[in-house]
Amino acid sequence: MNGGFEAMQKQIWEWTGYNAMTTRTTERERSLEKDQVEVRIKSIGICGTDLHIMEGHTGFSQPPLPLGHELAGVVERIGDGVVKWKVGDRVCIDPLIGCGKCQECLVGHKHRCRESGEIGLQFPGGWQEFLVMPSTNLYKLPDSISFAEATQAETIHCCLGGVDKLTIQLGQNVSVIGDGPTGLYYVQLLKAAGAGKVSLIGMREKRLELGIRLGADAMFNLRAHAAPLAAETEDIVIDAAGTESSLRLSIELLKKGGQLLLFGLPGEPILVDIQTVVLKELTLLGSTNAPQVWLRVIEMMASGSVQVKPLITQYYEFNELDKAVEFARNEPDEVVKVIVNHK
Ligand SMILES: [Zn+2]
Ligand SMILES: [Zn+2]
């Protein structure tokens, strides 16, 4: 390769300890392994998970580590054996890496691989100018999807995987608890899936109002309504909050025979009224990643059936990534999704 030593350096941001991060310059990989690609990162989404990791509560990440798992960019270099990609291709990145050999990986469930991990969680993430990864972790971006929007394919893919697990019938009542980005994507996917009345339940007025603009039929602020809806009115509840009280509310709102999708992570054991789950004959479904849905997510983003732009509340430049993270942490009433762009 041409280009001097200078050109082979990259700037990175690393999580270093409790709510702390620092930036430095480090060397780029001199050469790529077979089937690897190097992506020039263009946009990064700041996720609630990044904030939880930085507090040290998740248990799956160790500092020092560049975080960042909501990523989009441009192919910069390709290793031997890579035929599907060429330099300059616009891509979004599936951060999940499996062993590629076990039964789960072979049937397309790499998120269930015992050795799997994620870019930005267990492996170095995209808080960098350049990131090397397996070429199979890329998805091509249509020109109509901006890099900033494309970062959200990762979040939306988790939500679509959840919706796929439900049996939704036209006109059914569905409540989504949690008004963060995942709740707002769930609202849109549920309407696209034919749900009838979709209610968004949360704590932040601006996000709830955005939910209405994105298609929710009703919104309830738990700061104002202790009991937002009458008990046993919902066919389906999605718990995107993952707290003891959201779970209690979910079980209360569900009709007998209803389905409960468990999506939010409590981070610690919580109490559940199992007796009521049994007596109401509820179906409980857990959901994390869904490697098989990526192409459909990009299709839905391109067609406009799921919108990202209205969720983006702040943009920062890569040099100010620390400020972006700080804002996301300290201003939850102002933030829905913070995006960091490289120049
Ligand atoms: Zn995330
Ligand atoms: Zn595997």
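Colleague: Is Ser 31 buried or exposed?
Modeller: The relative accessible area of Ser 31 is 57%. Buried means under 20%, exposed over 50% and partly exposed in between, with a 1.4 Å probe and protein chains only. Ser 31, which lies in the loop between strand 2 (20-27) and strand 3 (36-46), is therefore exposed.

Colleague: On what basis are such values given?
Modeller: This is a predicted model, in which local features need pLDDT of at least 70 and side-chain atom pairs count only at pLDDT 80 or more, while totals for chains, interfaces and linings use all residues. Side-chain values use heavy atoms, without hydrogens and water, and residues are numbered from 1 along each chain as its sequence is written.

Colleague: Which residues coordinate the zinc ion (ligand 1)?
Modeller: Donors are N, O and S atoms within 2.8 Å of the metal (3.2 Å for Na, K and Ca); water is not among the atoms, so sites may look incomplete. The donors here follow the spacing C-x21-H-E along the chain, and both His 69 and Glu 70 are buried. At 2.1 to 2.6 Å, the coordinating residues are Cys 47 (SG), His 69 (NE2) and Glu 70 (OE).

Colleague: How are helix 4 and helix 5 oriented to each other?
Modeller: The axes of helix 4 (residues 153-165) and helix 5 (residues 181-192), lines fitted to C-alpha atoms over the stretch in contact, come within 9 Å and cross at roughly 50 degrees. Angles under 35 degrees count as roughly parallel, over 145 as roughly antiparallel, 65 to 115 as roughly perpendicular and the rest as oblique. Helix 4 and helix 5 are therefore oblique.

Definitions and conventions: Chains are lettered from A and ligands numbered from 1 in the order in which they are written. Axes are lines fitted to C-alpha atoms, for helices over the stretch in contact, and angles run from 0 to 180 degrees between N-to-C directions. Helices (H or I, at least four residues) and strands (E, at least two) are DSSP runs, numbered from the N terminus.
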